[in-house]
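Please take a moment to look over the sequence and the fold shown here. We will walk from the inside of the protein out to its pockets.

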Amino acid sequence: MFTLGIDVGSASSKAVLLDEQAQIAASAVYQLGTGSTGPQRVISQVMEAGGIGFEDLARIVATGYGRFSIKEAHKQISEISCHAKGIFYLVPTARTVIDIGGQDLKAIKLDNDGRVNQFFMSDKCAAGTGRFLEVMARVLEISLEEMADYDSRATEPAAISSTCTVFAESEVISQLAGGAAKENIIAGVHRSVAAKACGLARRCRIMPAIVMSGGVAQNNGVVKAISAELKQEVIVVPNPQIAGALGAALFAHEEIKRGSSL
């Protein structure tokens with residue numbers, strides 16, 4: 001029998017299917033989040049990839065901003081717990097997790113057993129999140145996927161002082177009007193995101209290993225900026241978007257192993 005973890009965020013939906021040995025049998029990411037068809041689409045994708053039907057699922061756990069919208073789920077668990085669980089499974093030495101999602105930012109401190117010791121979350125403002133980067137990419141007329149490449153060619157990162165998305169957008173427009181190179185502006189944007197993320201992480205008293213999760217972890221420019229800000233290596237796991245869904249699937253697997261009733 002299989003267990004399924006679903007992470008429904010504001011911008012995307014993720015799913016991970018585990019087999020009886022708690023090994024990843026399939027995973028999927030769909031770029032639509034809560035309030036859309038994204039959750040159902042990602043469930044269909046991961047089950048098709050795993051070659052199974054609902055009758056093969058022993059337990060389903062949902063996490064993320066839209067976790068309560070998943071009617072098929074047997075249980076809902078917070079994204080803090082699930083990201084910690086997923087990252088610790090992938091990197092057992094992880095002690096600090098920085099998760100940058102579509103519209104929020106989390107810093108999580110783990111103990112030696114992977115349990116959440118302390119966490120801080122910023123979800124009242126888009127600054128330092130994926131949404132912040134989307135706005136900047138639109139103003140600069142490039143794709144999100146191109147941002148890391150532009151960053152790698154920067155010679156003098158621009159100063160982006162505002163932590164507010166609206167004001168930072170105005171700063172970027174002013175920088176462009178003043179003739180600043182896109183490469184330098186993007187490097188400055190990445191530094192701004194790093195400053196916000198590291199400020200939150202420092203409240204947890206950072207300990208290595210530091211691991212990033214979430215979609216923004218796929219942007220090497222942001223990863224490098226955070227590493228430089230902290231003066232420490234930052235680990236990025238393969239497919240960092242699925243960490244929360246993996247954690248949810250692991251919780252489901254543990255409950256089945258313990259003989260929890262459905």
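What follows is a short tour of the nonpolar cores, the cysteines and the pockets. Keep in mind as you read that this is a predicted model.

Let's begin inside. The largest nonpolar core has 40 residues, and those that touch the most other members are Ile98, Ile100, Leu133, Val172, Val189, Met212 and Ile226. Two or more residues of this core come from each of the strands β6 (96–100), β7 (105–110) and β9 (210–213), and from each of the helices α3 (130–140), α4 (147–152), α5 (165–177), α6 (182–202) and α7 (220–230). The largest share belongs to α6, which gives nine residues.

Leaving aside residues up to four places away in sequence, Met212 touches Ile87, Ile98, Ile100, Ala217, Val223, Ile226, Val234, Ile235, Val236, Val237 and Pro240.

Now for the cysteines. How many disulfides does the model contain? The count comes to zero, using a sulfur-to-sulfur cut-off of 2.5 Å. Cys198 is a case in point: the nearest cysteine sulfur belongs to Cys204 and is 12 Å away, so Cys198 is in no disulfide, given that a pair must lie within 2.5 Å. Is Cys198 buried or exposed? Its relative accessible area is 0%, and because buried means under 20%, Cys198 counts as buried. Cys164, with a relative accessible area of 25%, is partly exposed, because this value lies between the 20% and 50% limits.

Next, turn to the open spaces. The largest pocket holds about 870 Å³ of space. It is lined by 35 residues, and the closest to its centre are Ala11, Gly101, Gly102, Gly215 and Val216. The elements that give two or more residues to this lining are α2 (79–90), β6 and α3, and α3 gives the most, with four residues. Sorted by class, the lining of the largest pocket has nine nonpolar, 15 polar and eleven charged residues.

The second largest pocket has a volume of about 210 Å³. Of its 14 lining residues, Lys85, Asp113, Gly114, Phe251 and Glu254 are the closest to the centre. Here α2 and α8 (243–257) each supply at least two lining residues, with the largest share, five residues, coming from α2. By class, the lining of the second largest pocket has seven nonpolar, three polar and four charged residues.

Key. Residues numbered from 1 in each chain as written. Predicted model: local features only at pLDDT ≥ 70, side-chain atom pairs only at ≥ 80, totals over all residues. Heavy atoms only, no water. Core = buried A, V, L, I, M, F, W, Y, C linked by side-chain atoms within 4.5 Å. Buried < 20%, exposed > 50% of the residue type's maximum accessible area, 1.4 Å probe, protein only. Contact = heavy atoms within 4.5 Å. 1 Å grid on protein atoms, 1.4 Å probe; cavity = no way out; pocket = protein on both sides within 12 Å on 5 of 7 lines; lining within 4 Å. Points joined across faces, edges and corners; volume = space filled by probe spheres on them. Nonpolar A, V, L, I, M, F, W, Y, C, P; charged D, E, K, R; others polar.
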